[in-house]
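Me: Could you take a close look at one helix of this model for me, and tell me what it packs against? I'd also be glad to hear about the aromatic residues elsewhere in the fold.

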Amino acid sequence: KYADGFATGKEILAEQPDNTSVYMNLAYAGFDALATTKDKTFADDTLNYGKKTLDLFEKGSIPSNFSPFNDKNSAIAWMNYIVATFSNEKNIKEAAHHYYKATLYESPIKNSALPYYGIANYYETVFEKMSADLKAKVDAKTISEADQKAENEKINKIIDQMLDAYARAYTVGTAEKHPGVTEWKNRLTQVYQFRKGTTSTLDSYINYVTKTPLADPNDF
């Protein structure tokens, strides 16, 4: 009864505007509505409540318990994941940043392939735009050779981050038997071939990069 829950929750928040527990539970309810019934009715509220929960956590407003989550770390991870999920269509960079933050805490989210795939998808979008913009400049002959080289270097950095994210999505997805692993491995192989000119070192790359810290997409 999502509608009843949101209606009751809003009544409580009208009297207790800093009730972290209510914000947190409503954010999760909105996510559950989407995940279980594809119901996007509460999408805007869910996004706002997830952000509000994180803001209150940062200000030291901690609930007496973190139900339905196990602990504070899990709650923070889930709130970031929820914000990412509901930001994805409106602001893919913001979504990627929150996917990244969701992986920083020990929780089931860290061991889920989806946040890493969400980050990879962000880099796909950036790569596509940067490549198209550069091609337009080259075709119009409005870019110098030096500037073209600099732009290519920026694009290569995006490709490197894309490879990193796909490697993690594939590795974690394999462990959890996610149905998307074949698609992710195929794309990882394709992009690696494009970037490196070979796939002979792909396995060693995956093994190495997944043991390094994940970069914040906000830095790219």
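Predicted model: local features only at pLDDT ≥ 70, side-chain atom pairs only at ≥ 80, totals over all residues.

Reply: Happy to! The residues in question are Pro115, Tyr116, Gly118, Ile119, Ala120, Tyr122, Tyr123, Glu124, Val126, Phe127 and Leu134. An α-helix has 3.6 residues a turn, so residues three or four places apart point the same way.

Helix α6 itself covers residues 114–140, which makes 27 residues. From its first C-alpha to its last it reaches 39 Å, close to the 39 Å expected at 1.5 Å a residue. After α6 comes Lys141, with a positive phi near 55°.

Now the setting. The protein has nine helices and zero strands, and its C-alpha trace spans about 60 × 40 × 35 Å along the principal axes. Of its 220 residues, 41% are buried. Among contacts with a separation of 6 or more, 66% are between residues 24 or more positions apart. The accessible surface comes to about 12000 Å², and carbon and sulfur atoms account for 50% of that. As for charge, there are 26 positive and 29 negative charges, and their mean positions are 5 Å apart.

On to the aromatic residues. The structure holds 17 aromatic pairs. One of them joins Tyr28 and Phe69, edge-to-face, at 5.3 Å centre to centre and with 85° between the planes. This pair links distant parts of the chain, as Tyr28 lies in helix α2 (residues 20–37) and Phe69 in the loop between α3 (43–58) and α4, 41 residues apart. Tyr28 is partly exposed, at a relative accessible area of 26%, whereas Phe69 counts as buried because its relative accessibility is 7%, under the 20% cut-off.

A second pair is made by Phe31 and Trp78: the ring centres are 5.5 Å apart and the planes stand at 70°, so this pair is edge-to-face too. Here again distant parts of the chain are linked, with Phe31 in helix α2 and Trp78 in helix α4, 47 residues apart. Both Phe31 and Trp78 are buried.

These two pairs belong to one aromatic cluster, formed by Tyr28, Phe31, Phe69, Trp78, Tyr81 and Tyr99.

How values were computed. Residues numbered from 1 in each chain as written. Heavy atoms only, no water. Helix = DSSP H or I, 4+ residues; strand = E, 2+ residues; numbered from the N terminus. Buried < 20%, exposed > 50% of the residue type's maximum accessible area, 1.4 Å probe, protein only. Contact = heavy atoms within 4.5 Å. Areas by Shrake-Rupley, 256 points an atom, 1.4 Å probe, with all protein chains shown as cover. Lys, Arg positive; Asp, Glu negative; His and termini not counted. Charge placed at Lys NZ, Arg CZ, Asp CG, Glu CD. Expected span 1.5 Å × (residues − 1). Phe/Tyr/Trp six-rings, centres within 6.5 Å; stacked < 30°, edge-to-face > 60°.
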